[in-house]
Amino acid sequence: MIKVVLVDNHILVREGIKLLLEQENDIEVIGEATDGEEALEILKKINPDIILLDINMPELNGIEILRKIKAMDKSQKVIMLTLHNEREYVVETINLGANGYILKSKESDSLIRGIRDVNKGGSYVHPSLAESLVKEHKQTGPEAKLSKELEDLKKLTRREKEVLKLISQGMSNRDIAHALFISEKTVKNHVSNIFKKIHVNDRTQAAIFALRNQPDR
C-alpha cells in the first residue's frame, strides 16, 4: 500500500481527495492536516510514502512547509497541489526538492498517476504545468543555456525524442511502452540514455527540457 498524508486547509477538497484515493486498491490515506504546523506534528509520529501538500495555505504556505519537511528528512517524497494562479511558486519548489506538481483543476487520473510514479522513485509534472515552467524559464533563463540544450537535443535518436515527448505529456514508463509498442525495460533504457544526454536527473527536469525545446519526431 502507498501510504499518503493530505495537507490542505480546505476540508471539502481534502475529503474529496481522500475519497478519490481510497477507491484505489494500492493507496491508503493515513493522515490529514489542515495547516503546516499540524502537518509537521503528524510527520513526527508517522512516516508516509507520499505527502500531498497544498501550496496556498494560511500562516505557513506550502513552500515554507516543504522547506521544513526537507529539513527534517530530505528523502521524504512530496507532491505539491496547485491552482493555475499559483504558478509563480513552482520554480521555487523545484529547487527545494518537490517530487511532483499536480493541478487541482485537472483530471483525477493525473493525481493517481503522479502518486504512483513518485512512489516508484520518479517524479511527475502535469504537462500544462510544465508549460508554465518553460515560460518562466524563457523569461529568466540565459540564452546560452538554451543554445547548449539544443546541442544536447541533437544527441538524441529519433526513438529517444519520441520517448522524451511522451515523458513531457506526463506518461509513465508503462504508458510509454504501450504507446510505442515496446517493452517497459526498453523504455527504461531509453529514459536512462535521455537523462545522460540532456544532463537531467529526473522526469520533471526532462519534461521541462522537452517542452522548452520541442523535439521533433
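Predicted model: local features only at pLDDT ≥ 70, side-chain atom pairs only at ≥ 80, totals over all residues.
1. Let's start with the salt bridges, of which the structure holds 15. A handy one to look up is the pair Arg67 and Glu64, whose closest N and O atoms are 2.8 Å apart. Both sit in helix 3 (residues 62-72), and because they are three residues apart there, about one helical turn separates them. How exposed is each partner? Arg67 has a relative accessible area of 32%, so it is partly exposed, and Glu64 gets the label partly exposed too, at 33%.

2. Now look at a salt bridge that reaches across the sequence. Asp175 pairs with Arg113, and here the closest N and O atoms are 3.5 Å apart. Asp175 belongs to helix 9 and Arg113 to helix 5, so this pair ties together parts that are 62 residues apart in sequence. Asp175 is partly exposed at 26% relative accessibility, and Arg113 is partly exposed with a relative accessible area of 27%.

3. The side chains of Arg174 and Glu184 meet at 3.9 Å, N to O.

4. Next, the second largest pocket. Its volume is about 290 Å³. Helix 9 (173-180) and helix 10 (184-198) each give at least two residues to the lining. The largest share, four residues, comes from helix 10. Sorted by type, the lining has seven charged residues, six polar ones and two nonpolar ones.

5. Two loop residues have a backbone angle to check. Phe181 has a positive phi of about 60°, although it is not a glycine. You'll find Phe181 in the loop between helix 9 and helix 10. Is Phe181 buried or exposed? Its relative accessibility is 76%, and over 50% means exposed, so Phe181 counts as exposed.

6. The other one is His199, again with a positive phi of about 60° and again not a glycine. His199 lies in the loop between helix 10 and helix 11 (203-213). At 53% relative accessibility, His199 is over the 50% cut-off, so it counts as exposed.

7. Last stop: Asn119, which is found in helix 5 (residues 108-119). With a relative accessible area of 25%, Asn119 is partly exposed. What does Asn119 touch, leaving out residues up to four places away in sequence? The contacts are Ile2, Asp49, Ile50 and Lys77.

Definitions and conventions. Residues numbered from 1 in each chain as written. Heavy atoms only, no water. Buried < 20%, exposed > 50% of the residue type's maximum accessible area, 1.4 Å probe, protein only. Contact = heavy atoms within 4.5 Å. 1 Å grid on protein atoms, 1.4 Å probe; cavity = no way out; pocket = protein on both sides within 12 Å on 5 of 7 lines; lining within 4 Å. Points joined across faces, edges and corners; volume = space filled by probe spheres on them. Nonpolar A, V, L, I, M, F, W, Y, C, P; charged D, E, K, R; others polar. Salt bridge = Lys/Arg side-chain N within 4 Å of Asp/Glu carboxyl O.
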